[in-house]
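Please look over the sequence and the structure shown here. The paragraphs that follow go through a few local features.

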Amino acid sequence: MFELEVKDVFKITGRGYVLAGEMIESGSILRNGDILVHKDDRERKIHVTSIEMLNYGSAVRKLNHISFLTDISDELAKALVGKRLYKE
């Protein structure tokens, strides 16, 4: 199962929101086009448009920070900070 805790959100004008967070569980692969949901509100679907891995260096490769672009409302983006999302 893929699980992500959202740490920050920011808007890219004309493209959508970037959700940045920490992978809690990475038992599956996240791909462009995947759908993420919050366990308390499975009706709202968050479609992954593009993905970027963060915080990797040459000595240690602990790839646990990730950000992805999605097209969601301002209200939903702000509500997701601190929440955990799961791959559907």
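Leaving aside its neighbours within four places in sequence, which residues is Ser28 in contact with? They are Met1, Phe2 and Lys87, where contact means heavy atoms within 4.5 Å. This is a predicted model, in which local features need pLDDT of at least 70 and side-chain atom pairs count only at pLDDT 80 or more, while totals for chains, interfaces and linings use all residues. Residues are numbered from 1 along each chain as its sequence is written, and side-chain values use heavy atoms, with hydrogens and water left out.

Ser28 lies in the loop between strand S2 (16–26) and S3; strands are DSSP runs of E with at least two residues, numbered from the N terminus. Although Phe2 is 26 residues apart from Ser28 along the chain, their C-alpha atoms are separated by 5.3 Å. The side chain of Ser28 also reaches the backbone nitrogen of Phe2 at 3.4 Å. Ser28 counts as partly exposed because its relative accessibility is 27%, between the limits of under 20% for buried and over 50% for exposed (1.4 Å probe, protein chains only).

Glu3 belongs to strand S1 (residues 2–12). With 10% relative accessibility, Glu3 is therefore buried. Apart from neighbours within four places in sequence, Glu3 is in contact with Glu22, Met23, Ile24, Glu25, Arg84, Leu85 and Tyr86.

A hairpin through two residues joins S3 to S4, and Ile35 has His47 as its bridge partner in S4.

Definitions and conventions:
Helix = DSSP H or I, 4+ residues; strand = E, 2+ residues; numbered from the N terminus. Pairing = 2+ DSSP bridges. Polar contact = N/O pair within 3.5 Å; in protein donor to acceptor, adjacent residues only side chain to side chain.
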